[in-house]
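Take a look at the structure below. The report then covers a sheet, a chain contact and a helix.

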Amino acid sequence: MKHSASVLALAMGLGWSGMAVAQEMKAEVIHWWTSGGESAAVKVFADQFQKAGGTWVDTAIAGGANARTAAINRTVGGTPPAMMQFNTGKQFDELVENGLLNDVEAVAAEQKWKDKIPPAILAATVRNGKMYAVPVNIHGQNWLFYNTDVLAKVGAQEPKSFDDLFPILDKVKAAGLIPLAFSGQKTWERNLFNAVMLGQGGAKLWLSVYGDKDPAAVKSAEFKNVAETYAKLRNYVDAGAPGRNWNDATALVIQGKAGFQIMGDWAKGEFIAAGKTAGKEYGCVVLSKAGGGYAMGGDVFAFPKTKDANTLKAQAVLEKVLLDPTTQIEFNNKKGSIPVRLDVDTSSMDVCAQKGAKMVADKNQQAPAQELLTPPAVTGAVEDVISSFWNTPGQSVETFQDKFAAALKSI
Amino acid sequence: MLALRPRLASKLSAWLALSPATTILVVVYVGCTAWTVWISMTASRMLPSSTFVGLRQYDALFANERWQISVSNLVVFGVLFMIASLVLGFLLAVAIDQRVRAENVLRSVFLYPFSMSFIVTGLVWQWLLNPTYGIQAVGRGFGFETFRFDWIVRQETVIYCLVIAGVWHAAGLVMAIMLAGLRGIDEDIWKAARVDGLPPWRVYVSIVIPMMGASFATAAVLLATSVVRLYDLSVAMTNGGPGIASEVPAKFVMDHLFERQNIGLATAAATSMLITVAAVVAPWIYIQSRRRRAA
Amino acid sequence: MVAAVEPAGPRPRPVTPARVGLYAFLVITALFFLTPLYVMLVTSFKTMPEIRQGNLLGLPAEPSLQAWGHAWSAACTGLACNGISVGFFNSVKILVPSVIVSIAVGSLTGYALSFWRVRGASALFGALMIVAFVPYQIFIYPLVRIFATIGINNSIPGIVAIHTIFGLPTMTLLFRNYFASLPIELFKAARVDGAGFFRIYSSVMMPMATPMLIVAVILQVTGIWNDFILGLVFAGRENLPMTVQLNNIVNSTQGERLYNVDMAATLLTALVPLVVYFASGRWFVRGIAAGAVKG
């Protein structure tokens, strides 16, 4: 009996997928956008796809690694989704190398995407001269958010660089508040370090460290200065920071318990949820010293290989939908990021997004995020080194530099 | 063991009955282990590749600071967690065994954490141990301004926080096992002890505990398996932090297998774990089976 | 083998300092065990602004069931915002066959290993003991390939097979030890009556194994219900268990977090194992007393 039950279940499973083939343009999408705001954002894509005659089959799995694990296993196991999410960068390199992805050249050429997408983002989707993924947004990863009341209370102006920031942090500390709201988890420790590297070292150092993986750059005086600045920030975080979630740190800024937070633009979602407006209760700025940069990361969708004609059709329609100008504005407003196309009008977006869009339009400010430059294995190794440095005040900057250079070369 | 000569039909049936287990063992466990060992000698990143690199992944592994910390954490955690769970579980069982009121309620209270997943366990304890709003904040709220309990944010002490949460999760199970053991002990021993005028604690120490070897062994084995597999708790509670101070081997394997797309290094770590486990467990099983055969 | 479940400790005397100390120990430990549950409960009844104030142990100022309703039927878990209720029946669909099959295979294996002298039996048992220690995560990738090849990937049979595979070591251990504790005469008598291998299993041994069966059911129900990663990888998108929705609510990386909803969702998901434990704590101890500690 048990046996027949499982045969029945199997048959039902097969019947189901049989139906999927019979129906027109059904597309299963694996992604990791699950919170309220993210859900609203992904709904924009789903609705547009529906309007174009498709059926969006949603498979959401929270946690990027979880979603990618499921998607990659499905693809390798021969039952891929029609479309899967990755972070902009190198996460799908090997899928391309193993011939598991369809390229998106046809639609890209038709829509002239290559003229409209910032070069760094475009480069992150191209392998062997072909575009293998569609970027959908740009997240700036190195924003400094601040509570305007706290700034007013200590009588300070919006800082422009880290050199400006430190005196203000001292004042906030003297006022009995937490100067820098921090979430001590590895990812954010690395994110903070990267923000300091771009802000203090500039795009040139950034590219020689992460782009060329040049050990001389890691041993340079500029890098040393970055590390020292980063280490100095330890004095401005509170005792509860280790292990804290990033959004709890944002909450500290929202409530005026802390002055600043350095975080990606997704933090705006928390401010919005608390009923705050950019430029009013809170402000945002990207710190830079002599040609810094905007750390551009984001998300892309990739399209696994398939022979099924309906799925192929659905993939082509999806590609177009994702980068449609109105969809881009609507999606990115909900996601907190900015459009990936430079030719859309961003005047309807909030002041932070407009600041971001302006930076993205400026070639000198475009800095590819770390994930765009180093493969996940290296990103992870570097993260361990940074995290260990941040949490070990006794560790010398020279040791840190040595370990950092070794991690860049790892494997 | 039992010396019975089964007839052929029964013998075939026995083989048949063991075939699922044998298939699983050979195909899944042995097969997958062989695959794991093979991949650990290749340059695989996200997907398996067949570029043979010998023991280079192992060189990288043993030079890796995070791996070294993971291993030493596992030893510290394993020893403390097992001792604390066994002691607390035993004490609870003894206490409950004193004809206390509301025994059923107490037993359920001590046992329920074991039904929670480690993810939930880690999440809740992370809150409780956080100095800004957890136990430390509550203690200070009562007026103890200098009360300090910030283990979870300090690298030297964070591993003890994992121990606390782990003990919370597992002590109830140990209690159940010990309670069962205590109740299997003959009433007459207590009567005899009373006649001899021995104080109860002496009876426990010199008579009861030695009689409960099997209970301790069962509990220890169950605890030991969860020590080696320790993963979710570290993820949910500290995500390995502060820094890399509370990393553990299984998390090293998982992170490199998926998030970091480095299955060569991940399988090298997994293989090292396997070898260590086999080196400890195999002799123990051998001795056990020898003893049983002798008995 | 019917274990005494009455307290076996020394008889209590009227209120003595020792007695007071005993209750103090039990009450304090019970508080330690209950605090996490208490925190989860009060948090789930609070509003987000109140949680942001950070008084972890305080009672909710305006208790509200809103988070519970939201978690059950309105929280977003992707495109759909139907809460965690969606996955409940999937979890049941996975749970029931997985528990049955894994216990059937485990008990049969344990039975064959304890009463029948089969060549290689002790090697099989030893190997199963070793793999009980292995972190199962390292087998995920090769298993996906194997399952894809034989065509049971992403299906209920697939996930049932997975839970059977990973439950095999513990289930076999439990049943083997239990059967080994039964008097051999039972077995001999059945043989004299001419009963064959499966006859003895189904009409003599399993009816005697009720206490152990209860322990096995409790362990498997909790383990399988709390599983996340295996269900995610092997069950297929039509059958994703409730823990996947829970993870979607609790674990979003860049989205805003609602802790009251997180806690309500966590408690709702944990309800099934919690009920199982609170309802069967007594049976659990009895079952363990009946066999698990011997051997």
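In what order do the four strands of the open sheet in chain A lie? The order is S10-S11-S9-S12, and the pairing is mixed. Keep in mind that this is a predicted model. Strands S10 and S12 of chain A stand at the edges. Each has a single partner strand, so one side of each has no neighbour in the sheet. From one strand to the next, the twist averages 20°.

Now look at one pair inside this sheet. Strands S9 and S11 of chain A run antiparallel and are joined over four bridges. A:Trp143 has A:Met263 in S11(A) as its bridge partner.

Here are the residue ranges of the strands.

| Strand (chain A) | Residues |
|---|---|
| S9 | 143-147 |
| S10 | 178-180 |
| S11 | 258-263 |
| S12 | 282-285 |

Next comes the contact between chains B and C. Chain B brings 82 residues to it, and chain C brings 73 residues. On the side of chain B that touches chain C, helix H1 (residues 8-39) of chain B gives the most, with 17 residues. That side of chain B holds 59 nonpolar, 17 polar and six charged residues.

Notes: Residues numbered from 1 in each chain as written. Chains lettered and ligands numbered in written order. Predicted model: local features only at pLDDT ≥ 70, side-chain atom pairs only at ≥ 80, totals over all residues. Pairing = 2+ DSSP bridges. Helix = DSSP H or I, 4+ residues; strand = E, 2+ residues; numbered from the N terminus. Axes fitted to C-alpha atoms, helices over the stretch in contact; angles between N-to-C directions. Contact = placed C-beta atoms within 7 Å. Nonpolar A, V, L, I, M, F, W, Y, C, P; charged D, E, K, R; others polar.
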